[in-house]
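Please look through the sequence and the model shown here before reading the notes that follow.

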Amino acid sequence: MKGFLRSVLIMIVLAAAIVGGFYAYLQQIGSGNDDPPMVHETTLDEKNKIEEAREKALALQSDTDGDGLTLAEEQRLGTSDETADSDNDGVPDNEDIVPLGVGEKISKMLNWEHKGKQHSVEAYLPIDVSNYYEKKTRPQHTFDSQHYLPFIHAEDIGIVRLAAELKAIIEANGSWDYYDEVMLVVTMVQQMQYAKSVIAGFDLTTKYPMQTLVTGRGDCEDTSVLAAALLKKMEYDVKLVQLEVEGKKSHLGIGVWANGVKGTSWNKGGRTFYYVETTTPGHKFGELPIEWKEGTSAVLIDI
Ligand SMILES: [Ca+2]
Ligand SMILES: [Ca+2]
Ligand SMILES: [Ca+2]
């Protein structure tokens, strides 16, 4: 009897195992899958790396300093995307044919007489700066006093260096007064060759100070803009003065602040500015050229 019961028990266990196995098999068929697919979960580290690469690619296309060159282009040139003028010569990186350093220079000696002494300075004229101004579009004359403002480039490397040389001459002549100092700069400009910048019969353009230095010549606008840029850089209180006589063409000179001098002057902003002629040698501080003495009105232009 015992043997019979054991056999029945074994049979029941075996049957249960077969039914269980069959059921599992049916379930597997029903699901239609063999092995469940391996799903790769992106780790935080991987996500960060992808984001970093995306940001880098975007940054390479950015132009932080707004000089028209992307970071990738600046890296190729060796310039900085933090500053628009990496070599600080007054020419933006995207228009500088030598964006790092000066390259070749144009040699030009400035020789003039002041206070009974001969002065001589070599103008610092890098070819890249000269090239930049040659190609630069110059706004046409609007016969408005504001026309001159874009031309006062007092931070060009050639102007900065020349202003420093002129200051050194002043310091070496410790006995000079204020007017002698101003006239050192003005006499240097006055000795340049007078040339009208005429296009198709009309005087429509003004030169940038560096162009007047490179060519060594200019008309009243060019020499006045150059003298004003130099004096401004040397921290003298200077303005442009546009003289007008009815029925006559206008003339440009400069106005320099001074106290109690004889000569032609005007008040502006509570200060007195004296006329200084920049075109021809011999004109003194406060001296208006004879042809502009009668019935002249003057506009003082802040720079
Ligand atoms: Ca840039
Ligand atoms: Ca730059
Ligand atoms: Ca530059």
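In which loop is the place of S62?

## The loop around S62

S62 sits in the loop between α2 and α3 (71-77), where helices (H or I, at least four residues) and strands (E, at least two) are DSSP runs, numbered from the N terminus. This is a predicted model, in which local features need pLDDT of at least 70 and side-chain atom pairs count only at pLDDT 80 or more, while totals for chains, interfaces and linings use all residues. Residues are numbered from 1 along each chain as its sequence is written, and chains are lettered from A and ligands numbered from 1 in the order in which they are written.

S62 counts as exposed because it has 11 C-beta neighbours inside 10 Å; a residue is buried if 20 or more other C-beta atoms lie within 10 Å of its own, exposed if 12 or fewer, and partly exposed in between, with C-beta atoms placed from the backbone. Leaving aside residues up to four places away in sequence, S62 touches T70 and L71, contact being defined by C-beta atoms, placed from the backbone, that lie within 7 Å. S62 and E73 are eleven residues apart in sequence, and their C-alpha atoms are 9.9 Å apart.

Helix α2 (residues 44-60) reaches 24 Å from its first C-alpha to its last, close to the 24 Å expected for its 17 residues, the expected span being 1.5 Å times one less than the number of residues. This helix is hardly covered, since the count of buried residues among its 17 residues is zero.

In helix α4 (residues 127-135), the buried residues are D128, V129, S130, Y132 and Y133. These buried residues pack against β1 (105-114), β2 (117-126), α5 (157-172) and α7 (209-215).

Strand β7 is joined to β8 (residues 271-276) by four bridges, and the two run antiparallel. Within this pair, S265 stands opposite Y274, and N267 stands opposite T272. The two strands form a hairpin with two residues between them, and G269 in the turn has a positive phi of about 60°. Strand β8 also pairs with β6 in the antiparallel sense, over four bridges, and there G255 stands opposite Y275.

Technical notes
Two residues are in contact if their C-beta atoms, placed from the backbone, lie within 7 Å. Two strands pair if DSSP finds at least two bridges between them.
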